Amino acid sequence: MTPQILGSPAAPDAVTETAPAPTANTPSGVSAATVTKALPGLPQALSARARTLSGAVRRRCADLARIESPSGDAPRLDALAEELASGFRATGATARREPGPAGDHLVLEWAGQDESLPHLLIVGHHDTVWPVGTLADWPVAEKDGLLSGPGVVDMKGGLAVLEGAFALLADLGQRPHRTVRLIVVSDEEVGSPDGRGLVERQLRGAAAVLGLEPPHPDGRLKTARRGSTRVRLTVTGREAHAGNDAHDGVSAVDELVDQLVLVRGLARQPGTELNAGRISGGSRANVVAGRAEAELGLRFATVEAQRRTLDNLARLTALRPGARVRTEVLSSRPAWPERTGNPLLRHVRSLAAVLGQQLDGAPAGGAGDTNLPGSRGLPTLDGFGAVGAGAHARHEHIRLDQLAPRIALLAALLAVPLPRLRDRAEG
């Protein structure tokens, strides 16, 4: 595999859409002249070079998707981490691996033109929900303007697009306006139980945070996210012969079923949703079950709903004498509420307009690592990955005609100075 996108020629079938002429002024007041001052020859150079690079980025995404990297598979995740590090180093990054219990994370950094400024933080992940062997019956394939395959939109495409954006700037002999730090965690799909701490350590002093998750299917960015918590509910009973000594047993399965009925009642509270994602327990039909457990996925519209529901779950007690119930939080992400006004979104919309693109944002139902900075009031936007649909499903795909616009937008966002995103009183 050739990891380097830098200087790659356009593929014969690369996207060749013509970008509209930039508008003189944009919603947030950023003009074509302002962008051109940041990088001479923009925005035409960005759009043209992005179209040239889109073929290489398309191939890069396909190559990355062919490296299977399910959560928890440390050897495969580490192999992909090294491949990603090699590609990003070719665009001027320094890279280091941060050991993790289920696979190494990556910390990458690009020097900025003005290193006295607070850094721009970008967060992503290289684990997927797809088990090893998925490629055997669902290979990466290109058809009708779409690239499909396990992990192409969540989020091999986002990683490839960012690599293309940095390659674009390097081709133009430019650096980002400020230091850029990229964190790629290996456990995002299971709630970032270890990666969360790494992301949190990079938040101090960050000017803004961008996420490489896919945007909404129509290309809109993600301006808020629901909170998300994974909970394991474990019930311990007492085994006994189900025919001769059933009265001596305490069924953990029966207890778990009744507890789940109670839990479903808790989830009817406003702002809370529940998915009983996995249930297991017992050993044989003629043995009273001594143990059972369920893994629950909870989504919360507000921090208050999250706190209330988790407090109620922690207070669950057994309904049967002799049974024990334990609630364990496996991972948790706080709700990220929508920000009034959102100057970061206004800035990105203005850059998109200068590039001849129309772009907006909207809240998202899923959770991710951008929940952390968003919940703390840091200027945050997600959805800068490849445009597509079908994350976690067999129709997962990216739109090839949207690669060039995304590359150009990210490159502009890296190169152009950020406006003031927070009041002085906010820090």
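Modeller: A residue is termed buried under 20% relative accessible area, exposed over 50% and partly exposed in between, with a 1.4 Å probe and protein chains only. By that criterion, buried residues make up 54% of the 427 residues in the protein chain. This is a predicted model, in which local features need pLDDT of at least 70 and side-chain atom pairs count only at pLDDT 80 or more, while totals for chains, interfaces and linings use all residues. Residues are numbered from 1 along each chain as its sequence is written, and side-chain values use heavy atoms, with hydrogens and water left out.

Colleague: What makes Arg 225 count as buried?

Modeller: Its relative accessibility is 5%, and the limit is under 20%, so Arg 225 counts as buried. Arg 225 belongs to strand β8 (residues 221-225); strands are DSSP runs of E with at least two residues, helices are runs of H or I with at least four, and both are numbered from the N terminus.

Colleague: Which residues does Arg 225 touch, leaving aside those up to four places away in sequence?

Modeller: Contact means heavy atoms within 4.5 Å. On that basis Arg 225 touches Glu 213, Ala 335, Trp 336, Ala 364, Gly 366, Ala 367, Gly 368, Thr 370, Asn 371 and Asp 382. Between Arg 225 and Asp 369, the C-alpha to C-alpha distance is 10.0 Å, with 144 residues separating them in sequence.

Colleague: What is called a nonpolar core, and which residues have the most contacts inside the largest one?

Modeller: The term denotes a set of buried Ala, Val, Leu, Ile, Met, Phe, Trp, Tyr and Cys residues joined through side-chain atoms within 4.5 Å. The largest such core has 71 residues, and Leu 182, Val 348, Phe 384 and Ile 398 have the most contacts inside it. Helix α5 (residues 152-171) supplies the largest share, 12 residues. A second, separate core of 17 residues includes Leu 233, Leu 260, Ala 292 and Leu 313.

Colleague: Asn 342 and His 392 both have a positive phi; how do you know whether each is buried or partly exposed?

Modeller: Asn 342, with phi of about 50°, lies in the loop between β12 (324-333) and α9 (343-354). Its relative accessible area is 6%, so Asn 342 is buried. His 392, with phi of about 70°, is found in the loop between β15 (388-389) and β16 (397-399). At 44% relative accessibility, His 392 therefore counts as partly exposed.

Colleague: Which residues does a cis peptide bond join?

Modeller: Asp 154 and Met 155 are joined by it, with omega of about -10°. Met 155 lies in helix α5.
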